[in-house]
Amino acid sequence: MIMIDVSKPEYFTNRELSWLDFNYRVLAEARDKTIPLFERIKFLSITSSNLDEFFMIRVASLKDMVHADYNKPDIAGMVPQVQLDAISRKTHDLVNTQYNTYNRSLKPMLKHNHLIIIDSYEDLSKSQKEYVEQYFKQEIYPVLTPMAVDSSRPFPLIRNKSLNIGALISDKDDESEYDFATVQVPSVLPRFIEIPSEQKGDQTLILLEQVIEMNIQKLFLNYKVICAYPYRIMRNADLSIDEEDAADLLKEIQKQLKQRQWGEVIRLEVEDGMDKRLLKTLKKAMHVGEEETYKINGPLDLTFLMKVNGLEGYDHLKYPKYIPQLSKDIHPDEDIFTQIRRKDILLFHPFQSFDTVVDFVRQAAKDPDVLAIKQTLYRVSGNSPIIASLAEAAENGKQVTVLVELKARFDEENNILWAKKLEKAGCHVIYGLVGLKTHSKITLVVRREEDGIRRYVHLGTGNYNDSTAKLYTDMGLLTCAKPIGEDATAVFNMLSGYSEPLAWHKLSLAPLWLRDRFLELIRQEETNAREGRPAHIIAKMNSLCDKEVIMALYKASAAGVKIELIIRGICCLKTGIPGISENITVKSIVGNFLEHSRIFYFYNNGWENVFMGSADWMPRNLDRRVEILFPVEDEECKKQVIHILDIQLQDNVKAHYLQSDDTYQKPDKRGKVLISSQDYFCREAVEATANGKKKEDEISRVFEPMYHNEDEI
């Protein structure tokens, strides 16, 4: 057997650049003229919020490395400063494409559909100006706090992600002597204001910062305002917590959250055409260079478009709202525990309703035979019915143990509030493990029955969040299989008391041995291929950037294993490398729902193995998080999962394929039946309900067809 070196840097893609490629794919949805207009502005908003988080965490982390003189190259051979330079070039191009899309395509189309977003104050008619000036006086002016900077007043703290108006002011006619002043655009007020329209049937909006900018002289009555422009900054928001020395993790995280507002400025966004003197003042005060400065041709912070998407009266410019269906295996009038005893139940969200999971916890809270409920919570909704049920269960005298992960990024404050509420209700709350995030999704219900104690388990690929469950595609399994129940008990004993059992039955855990389990499964397919047997791997996940796993996939591909990867976001693996990755395909599906489930299929010489879990193939998931991989062994459930993978592999409408030149391209659809997997699953879920046939006409109206004619694209 010839040994192949699969560890060369040129065989890997930098993870940050790969993530930017993903955001380009999201942007491609905003540019796709076959998609309803309001869906397109939603996707453009998402690219903006994605970019904010990318800078606050990933770019910030790289800057920390540079400051610390950390020069170790990544798997693609790029040191931190080289990565930052490449990111800057690509991000500037991305931002330019965002605003070209907004200015040249979306805004004119909104106007064509009678929704006008005012470009500048000068575009207002006399009556509109009078309305806006009165609105400013009554609604905006009382909220504003203008701040000047001079010898007695230091430069103020500019809050992370806040929108501001910067100005140069002078108390003399001579503009060569000036001071800097700033006004924060209040986040407590709506970002856009509806004003009277000039034409009947139109709806006209003006942005809050435009109104403030044009009335800024009223804030500095004794000064001359030389110029005023909006700006926005992004700060390092990556929490650095010394968990080993933190006596109280909850208090330490609360303290660190406050520090986010003081983090290093890593991006400055300014309106294109800003006065050079004002720009120079801002760059000096924020300690940013040209590379970190983004000159924007349009409104800063396009996330306001998500609010525009929520305006009423434009349903004809959106996809019809999909209502998640009840699984055909769930009978709402029957006890949930009886149904789980009958057979394992597979759930596929959001096509099938997350209410089943909520009801599982709710029934457990009320059932007098339930003795204990144990659950991990990573991200939950703002008004979580699951939290309410857990609190009720504790009040009903049940043993309730909840692991609330306080380190869930950007949900820290929310989770602290929930943790305190659960503790007040009498729940035993665990705040995660030192040095590890608990990312696994598991619920255990212990119930006394006629034949003894029985354990019911829910295992999932997504969070216990009833809101995002309507937007993310995720899988869940309800089972009372004894081996999984015993493993579930062991998981919670390990989380609460560091008690690890001598043996595990079905579940594989990170950081204990999940990495080894995945490598073993991949190598088994490689062995089968080398011995002349059919070998096949299908893996669906959010991200792939673990070097050891990628090398194992390269070796398996070189041995002849057929490998089909469905990866939504980051992919550091390269396809089409001669003799190494020619048997690997990578596709990314970007649709109306966020692809979030993790599914793993191994042919295993005909004894097909199917697993699902909470972990991507990333070092953080395999080495620094508590993750669970669980098998799907019920034959009917296994067939359902394989069917889901098969349809996604057939998707040629929302899929982008990774090319050998590292670009992503949509497939050639000429002469082919077109399949959009998410539309397919929506239709399938409706048809599978008890009255599915009655809804056939309705479903044809509600969704764009799952099979498209090429002429329609």
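Predicted model: local features only at pLDDT ≥ 70, side-chain atom pairs only at ≥ 80, totals over all residues.
Buried means under 20% relative accessible area, exposed over 50%, and partly exposed in between, with a 1.4 Å probe and protein chains only. R533, at 30% relative accessibility, therefore counts as partly exposed. Residues are numbered from 1 along each chain as its sequence is written, and side-chain values use heavy atoms, with hydrogens and water left out.

**Cavities**

- A cavity here is a set of points, on a 1 Å grid over the protein atoms alone, where a 1.4 Å probe fits but cannot get out; lining residues have an atom within 4 Å of a point.
- Grid points are joined across faces, edges and corners, and a volume is the space filled by probe spheres set on the points.
- Searching the whole structure turns up 4 cavities of 30 Å³ or more.
- The largest cavity holds about 110 Å³ of space. Its lining has 15 residues, and the closest to the centre are H349, F354, G462, N463 and D474.
- Helices (H or I, at least four residues) and strands (E, at least two) are DSSP runs, numbered from the N terminus.
- For the largest cavity, β16 (452-460) and β17 (472-479) each bring at least two lining residues, and β17 gives the most, with 4 residues.
- In the classes used here, Ala, Val, Leu, Ile, Met, Phe, Trp, Tyr, Cys and Pro count as nonpolar, Asp, Glu, Lys and Arg as charged, and the others, Gly among them, as polar. The lining of the largest cavity then splits into 5 nonpolar, 9 polar and 1 charged residues.
- The second largest cavity has a volume of about 70 Å³. Its lining includes S48, D52, Y99, R232, R267, E269 and D301.
- Around the second largest cavity, α2 (37-67), α3 (80-112) and β8 (265-271) each contribute at least two lining residues. By class, this lining has 5 nonpolar, 2 polar and 5 charged residues.

**Backbone spots to look at**

- Most residues other than glycine have a negative phi, and most peptide bonds are trans.
- H349 and P350 are joined by a cis peptide bond, with omega about 0°. P350 sits in the loop between β10 (345-349) and α10 (355-366), and H349 is also among the residues closest to the centre of the largest cavity.
- A second example is the cis peptide bond between A510 and P511, where omega is about 5°. P511 belongs to the loop between β18 (508-510) and α14 (514-530).
- D69 has a positive phi, near 55°, and lies in the loop between α2 and α3. With 65% relative accessibility, D69 counts as exposed.
- H287 has a positive phi too, near 60°. You will find H287 in the loop between α7 (276-286) and β9 (293-296), where it is exposed, with a relative accessible area of 71%.

**Cysteines**

- Taking a disulfide as a pair of cysteine sulfur atoms within 2.5 Å, the count comes to 0 disulfides.
- C427 counts as buried at 7% relative accessibility, and C682 is buried as well, at 2%.

**Salt bridges**

- A salt bridge is a side-chain nitrogen of Lys or Arg within 4 Å of a carboxyl oxygen of Asp or Glu. By this rule there are 43 salt bridges.
- One of them pairs R447 with D369, at 3.9 Å from N to O. R447 lies in strand β15 (residues 442-449) and D369 in the loop between α10 and β11 (370-377), so this pair ties together parts that are 78 residues apart in sequence.
- Within that pair, R447 is buried, with a relative accessible area of 10%, whereas D369 is partly exposed at 33%.
- R454 and D451 form another salt bridge, at 2.8 Å from N to O. R454 is partly exposed, with a relative accessible area of 23%, and D451 is exposed, at 59%.
- A network of salt bridges links R341, D367, D369, R447, E449, D451 and R454.
- R533, the residue from the opening, forms a salt bridge with E531, and their closest N and O atoms are 2.3 Å apart.

Technical notes. 1 Å grid on protein atoms, 1.4 Å probe; cavity = no way out; pocket = protein on both sides within 12 Å on 5 of 7 lines; lining within 4 Å.
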